[in-house]
Amino acid sequence: MAARRVQTTGPDETESLGGELASTLVDGDLVLVRGELGAGKTTLVRGAARALGVEDPVTSPTFSIGHRYRAGDLTVSHLDLYRLAGLEAEDPDLLADYLGAGRIAFVEWPPDGEPELSGARLLVTLAHAGGERRSIEIVDLAATGAPR
Ligand code: ADP
Ligand code: MG
């Protein structure tokens with residue numbers, strides 16, 4: 001199934017969903033995470049990172065575009081590109097250290113049309129649905145036949 005929609009009723013459920021998604025990921029995979037502020041993007045990534053074996057606290061990157069965490073032989077990258085209007089004005093190698101072989105990467109606020117992010121495996125979109133409810137859509141980009 002290419003797309004799936006679920007509702008969660010609290011942060012723990014969103015973390016669990018992240019963990020469930022993580023179990024489908026392999027070395028080199030990239031996950032784009034969209035949704036407005038407070039929708040639960042970082043919460044989902046935290047659950048995924050835990051499930052992948054990250055033991056350090058997973059927090060929102062503030063002074064850099066991303067964090068890299070050890071998870072056994074893998075690196076789990078967590079980027080937040082909120083403050084980057086367009087990557088073209090930045091160093092083209094900016095993302096290189098976070099993506100590709102040996103890593104599994106999660107990118108919050110991915111800019112549209114960024115070639116470095118064109119090979120994403122999953123697109124997760126979170127939306128507020130009242131109180132602690134969140135509506136979450138997961139699209140398997142590899143299964144849609146769209147270019148990766
Ligand atoms: P984002 O990264 O999208 O800005 P965060 O994950 O940092 O969002 O923050 C989400 C906030 O909403 C947290 O304070 C979290 O505890 C709260 N929250 C409440 N309900 C949920 C839910 N169902 N899923 C995720 N977070 C939730
Ligand atoms: Mg966040």
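Trainee: Are Thr42 and Glu108 buried or exposed?

Mentor: Both Thr42 and Glu108 are buried in this predicted model. The word applies because a buried residue has under 20% relative accessible area, counting protein chains only.

Trainee: What makes Thr42 and Glu108 donors of the magnesium ion?

Mentor: Look at the distance. OG1 of Thr42 and OE of Glu108 lie 2.2 Å from the magnesium ion, ligand 2. The cut-off for a donor is within 2.8 Å of the metal, so these two atoms count. The two residues join distant parts of the chain: Thr42 sits in helix H2 and Glu108 in strand E5, 66 residues apart.

Trainee: Now to the other ligand. Why is the pair formed by Lys41 and ligand 1 called a polar contact?

Mentor: A polar side-chain atom of Lys41 is 2.7 Å from an oxygen atom of ligand 1. N or O atoms within 3.5 Å make a polar contact, so this pair qualifies. Gly40 brings a backbone N or O atom to 3.0 Å from an oxygen atom of ligand 1, and a polar backbone atom of Glu132 lies 2.7 Å from a nitrogen atom of the ligand. Of the 570 Å² of accessible area that ligand 1 has on its own, the protein covers 75%.

Trainee: Which residues come nearest to ligand 1?

Mentor: Among the 16 around ligand 1, they are Thr14, Gly38, Lys41, Thr43 and Glu132. Helix H2 gives the largest share of this shell, three residues, and helix H1 supplies at least two.

Trainee: How many residues of each class are in that shell?

Mentor: The shell has eight polar, five charged and three nonpolar residues.

Technical notes. Residues are numbered from 1 along each chain as its sequence is written. Chains are lettered from A and ligands numbered from 1 in the order in which they are written. This is a predicted model: local features need pLDDT of at least 70, side-chain atom pairs count only at pLDDT 80 or more; totals for chains, interfaces and linings use all residues. Side-chain values use heavy atoms; hydrogens and water are left out. A residue is near a molecule or strand if one of its heavy atoms lies within 4 Å of it. A polar contact is a pair of N or O atoms within 3.5 Å; within protein, one must be able to donate a hydrogen and the other to accept it, and residues adjacent in sequence count only if both atoms are side-chain atoms. Accessible areas come from the Shrake-Rupley method with a 1.4 Å probe; for residues, only the protein chains shown count as cover. Helices (H or I, at least four residues) and strands (E, at least two) are DSSP runs, numbered from the N terminus. Ala, Val, Leu, Ile, Met, Phe, Trp, Tyr, Cys and Pro count as nonpolar, Asp, Glu, Lys and Arg as charged, and the others, Gly among them, as polar. Donors are N, O and S atoms within 2.8 Å of the metal (3.2 Å for Na, K and Ca); water is not among the atoms, so sites may look incomplete. Buried means under 20% relative accessible area, exposed over 50%, partly exposed in between (1.4 Å probe, protein chains only).
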